[in-house]
Amino acid sequence: MLGYTITQWLFGILSFLAIMFGLMVVFSRNPVNSVLYLVMTFFCIAGHYLLLNAQFLAVVHIVVYAGAIMVLFLFVIMLMNLNEDTEPQRTWLSKIIAAVAGGMLLFVLVGSLKGAGQLGIAQHGSSQIGLVKNLGRVLFTEFLFPFEIASILLLAALVGSIMIGKKEIN
Amino acid sequence: MLNGISINYYILLSTVLFIIGAVGVMARRNSIIIFMCIELMLNAVNLLLVAFSTLHNDASGQVFVFFVMAVAAAEVAVGLAILSMIYRNIKTIDTDLLSNLKN
């Protein structure tokens, strides 16, 4: 099709959707809409992971982000009863300054990373490292200690968020 | 080439997503939206890590993404607990009004 392979078409469509939904997250006035657009962005990024042969990460990404984190966001937004009327707005001047700063950062980053493709890296086609079997082997041999530390981190976050979130009795 | 897509396009896509997150952090005042924009920035970096991991045929990058997801989950849980506590005390999460930590 027009000289592009199906993978390139998928990449283009997913990139376009991810960027569009990302912009909608920032520009949408209603916080609930922002959360839903962010979920759509995460689905597009999961599609990118599938294109990169990282099936395990794609599934984990959907389960953790779209399934858990965004539900937490939705719960908190609905708990606080936020909507368009209560949404605080910055002045136009600071919005324009933010956009200009972002544009300049984009300019610098794109300019400095433009030549990265010519690094002379050995490039592989269809890799198998993203499959559960291969990733699990690396995770439980080479990265066993960081994995255990991550479990302690999650436990600490669990206890900490309960401690912070509970009502003070006195 | 990753399945026929140059790494340059992945770098460009990640950069654009990261900038969108950064602009969101600068341009919005609602703390929850700022949190969501930070998540967007983390995801842009994750995408680039996975792309380079596939390019080099090295699983370390994907394991690192796994840890980034764990840390992001912990960060969101604690952050939203703090935000709901702030909302309970001063009835707003507008960053311009959260100027002092004491009350």
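Predicted model: local features only at pLDDT ≥ 70, side-chain atom pairs only at ≥ 80, totals over all residues.
View 1. Follow the chain along its sequence and the pattern reads α-α-α-α-α-α. How does chain A compare with a compact globule of 170 residues? Such a globule would have a radius of gyration near 15 Å, while chain A comes out at 21 Å. Its C-alpha atoms fill a box of roughly 60 × 45 × 30 Å along the principal axes. Of the 170 residues in chain A, 25% are buried. Take the contacts in chain A between residues at least 6 apart in sequence: 57% of them join residues at least 24 apart.

**View 2. Helices H2 and H3 of chain A pack against each other.** H2(A) covers residues 31-51 and H3(A) covers residues 55-80. Their axes sit 9 Å apart, at an angle of about 175°. Angles over 145 degrees count as roughly antiparallel, so that is how H2(A) and H3(A) run relative to each other. Which residues make the contact? From H2(A) they include Val35(A), Leu38(A), Phe42(A) and Tyr49(A), and from H3(A) they include Leu57(A), His61(A), Tyr65(A) and Phe73(A). Sort the contact residues by type and you get 20 nonpolar, two polar and no charged.

**View 3. Chain A meets chain B.** Here 73 residues of chain A are in contact with 63 residues of chain B. Which helices of chain A give two or more residues to this side? They are H1 (6-27), H2, H3, H4 (92-113), H5 (132-141) and H6 (144-165). H3(A) gives the largest share, with 11 residues. The chain A side divides into 48 nonpolar, 22 polar and three charged residues.

**View 4. Two domains share chain A.** Domain 1 of chain A takes in residues 1-84, and domain 2 takes in residues 128-170.

Note on methods:
Residues numbered from 1 in each chain as written. Chains lettered and ligands numbered in written order. Axes fitted to C-alpha atoms, helices over the stretch in contact; angles between N-to-C directions. Helix = DSSP H or I, 4+ residues; strand = E, 2+ residues; numbered from the N terminus. Parallel < 35°, antiparallel > 145°, perpendicular 65-115°, else oblique. Contact = placed C-beta atoms within 7 Å. Nonpolar A, V, L, I, M, F, W, Y, C, P; charged D, E, K, R; others polar. Rg over C-alpha atoms; globule rule 2.2 N^0.38 Å. Buried ≥ 20, exposed ≤ 12 C-beta atoms within 10 Å, placed from the backbone. Domains from an automatic or database assignment.
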